[in-house]
Amino acid sequence: MRDSARRRRVRRLAMGGAVVLALTGMNGPWVYRFSTERYHQYTIDKPEYKAANGHWDIVRFPERYRLNTIHAALLHTGKVLLVAGSGNNQDNFDAKKFDTRLWDPVEGTVRSIPTPADLFCTGHTQLADGNLLIAGGTKRYETLKGDVTKAGGLMVVHNENPDKPVTLPAGTRFTGKKNGRTFVSKDPVLVPRAKKVFDGATGAFLRNDPGLGRIYVEAQKSGQKYQTGTQDNYRVRGLTGSDARNTYGIAQKLALDKKDFQGIRDAFEFDPVAERYIKVDPMNEARWYPTLTTMSDGRILSLSGLDEIGQLVPGKNEVFDPGTRKWSYTKGIRQFPTYPAVSLTQNGEMFYSGSNAGYGPDDVGRDPGIWNVATNKFTRLPGLSDPTLMETSGTVLLPPAQDEKYLVVGGGGVGESRLSSRRTRLIDLKDRNPRFVDGPELEKGTRYPQSSILPDDTVLVSGGSEDYRGRGASDILQARIYRPSSNTFDRVADPLVGRNYHSGSILLPDGRVMFFGSNPLYADKADTKPATFEQRIEIYTPPYLYRGSRPALGGGPKTVARGGSATFTSAHASSIRTARLIRPSASTHVTDVDQRSVALDFERTANGITVTVPRNRNLVESGWYMLFVTDGRGTPSRARWIRVP
């Protein structure tokens, strides 16, 4: 009976194959492609394929809730904050249409959140109380050369009066002493008083160092004839007497060149419980494309960005005190390109991998190193391969965080370069003399790789493109799992959606990974058809969730102090092999300095396990974490939310 059934099945398959071949002969490539796609779908949906490679699914948002997601953060409520601001759409910017969505992956619900400013290309990080700090964003969209009608640029205003600062309103006119041309300020500017300088040995007065203010100015009328080609001193119209003598402007070339984006000083906290933005004191510097990251004392460091006149912030970094909600400058000057990948080390210093998102001179602040913020000392780290191809690379602290090993993935040339790197680089900061070494090569040069730490001590690396913003249809529809224990990549199921610029990924509490964004320039290989922003959210379910049952945790406290222990019930205690605290992600522009996975010591009890949190506050920063346990097969539990005060 079994043999006859097998013979009937063979005959059906043979007949089906003959039909496909016959149709292919009559209809050519279309039928072949259709049958190939059907077979591919059949293959990737097979249980054994999913168990080995995982599976991708697209989340279907109602059309009215879709948006150009630029930023995403997992909140301790389990919901995901999706932030677009104006969404790289100047029509939205001009209409002051700024968007945020709050998505519940469990319930499948989405709601709109009133958004107080253009948080497009802002910075963000998790705070100790569970709020999300958001700072910076967009004041003005770029204007490409050829579209600029009025000559303009940077005016540095000097104040030589040591007794009082000077405030100049928007609309202040500056007239060149040599060129005679007049330029008008677009915003008000506060110029601090001059600083008196004395001889350290004798105490004798030496000079006044003028206070400096920076302001964007442009010509009163359109046309090339209003451009300037050289530096000039500018008198401030409307000032008289000593004010006129002490206050003046200096500008280099004021021209019809491209005008970059401009940043804002605004800062907010997003409260996940109240589900609203709360305004806090603004930063001292306007920033567009800044990185926010936690320091040893729990304050938040704000780095880099383009300022209110569209220039790279000149190395003036600052910190946010969550207690006072105020900002103050750090010691000294330290300049980085925009969105630098800077994170806290276990000795309290900051590690800069060299990864960044793209704005800034190619010879300023691009060397990787260790930075002592208190002293402003920066120690360069050697061995980085493809050092000129670090823009749009990704950096991830490998699990477990105690090992203090970092993986740097791919990258590209500065600006709109077509060059991209196949390299991965590893560095062990616990080495006596740490240096970068090469890891396994990627199949293709990769810009914008998305990387997420998984609960089983592996890292999912997916997407990206070979060329700048996916030019030439160069999106990479591939995903791999990196295994730190063997320093190898395993190819897994291919994503369904290409991801390049303005993309990222977030580990969810159920162990899946969500992917968002992508902002390609073109929709075709010939680079002739403008592309649209990728609004689809995609979810990757790793192989470990196709292995049947998974361990579970119950009970236990919501808060565990550093060095403290907590007991949870589990019917699967005997099978548990690891326990990990994973910090929730806040991701944008392939930059996610928040994610880290901390190994916990644990003991089995009669009814579960007791876990112990490490004492080092630089390893376990204050805040909310997802507690995962995994069994002997690497299958994780659903996360329990734990707060470390």
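Which residue has a side chain joined to that of Ser385 by a polar contact, and at what distance?

Tutor: This is a predicted model, in which local features need pLDDT of at least 70 and side-chain atom pairs count only at pLDDT 80 or more, whereas totals for chains, interfaces and linings use all residues. Residues are numbered from 1 along each chain as its sequence is written, and side-chain values use heavy atoms, with hydrogens and water left out.

The partner is Asp438, whose side chain is joined to that of Ser385 by a polar contact of 2.6 Å. A polar contact is a pair of N or O atoms within 3.5 Å; within protein, one must be able to donate a hydrogen and the other to accept it, and residues adjacent in sequence count only if both atoms are side-chain atoms. Ser385 lies in the loop between strand 29 (377-380) and strand 30 (394-397); helices (H or I, at least four residues) and strands (E, at least two) are DSSP runs, numbered from the N terminus. Ser385 counts as buried because its relative accessibility is 11%, where buried means under 20% relative accessible area, exposed over 50%, and partly exposed in between (1.4 Å probe, protein chains only). Apart from neighbours within four places in sequence, Ser385 is in contact (heavy atoms within 4.5 Å) with Arg423, Arg425 and Asp438.

Asp367 is placed in the loop between strand 27 and strand 28, and a polar contact of 3.0 Å links its side chain to that of Arg380. With a relative accessible area of 42%, Asp367 is partly exposed. Leaving aside neighbours within four places in sequence, Asp367 is in contact with Tyr352, Phe378 and Arg380. Gly365 is found in the loop between strand 27 (350-352) and strand 28 (369-372), and counts as partly exposed at 26% relative accessibility. Residues up to four places away in sequence not counted, Gly365 touches Gln335, Phe336, Pro337 and Tyr352.

The nonpolar interior comes next. In soluble globular proteins, nonpolar side chains tend to be buried together. A nonpolar core is a set of buried Ala, Val, Leu, Ile, Met, Phe, Trp, Tyr and Cys residues joined through side-chain atoms within 4.5 Å. The largest such core has 36 residues, and Val80, Leu82, Trp103, Leu460, Met514 and Met626 have the most contacts inside it. Strand 39 gives the largest share of this core, four residues. Apart from this core lies another, of 32 residues, including Tyr406, Leu429, Leu553 and Leu619.

Finally, there are the pockets. On a 1 Å grid over the protein atoms alone, a pocket is an open set of points with protein on both sides within 12 Å along at least five of seven lines, the points being where a 1.4 Å probe fits, and lining residues have an atom within 4 Å of a point. The largest pocket holds about 930 Å³ of space, a volume being the space filled by probe spheres set on the points, which are joined across faces, edges and corners. This pocket is lined by 41 residues, with Glu142, Phe261, Tyr359, Tyr468 and Arg469 closest to its centre. The second largest pocket holds about 660 Å³ and has 21 lining residues, of which Leu190, Arg214, Arg265, Asn284 and Glu308 lie nearest its centre. Strand 16 gives the largest share of that lining, four residues.
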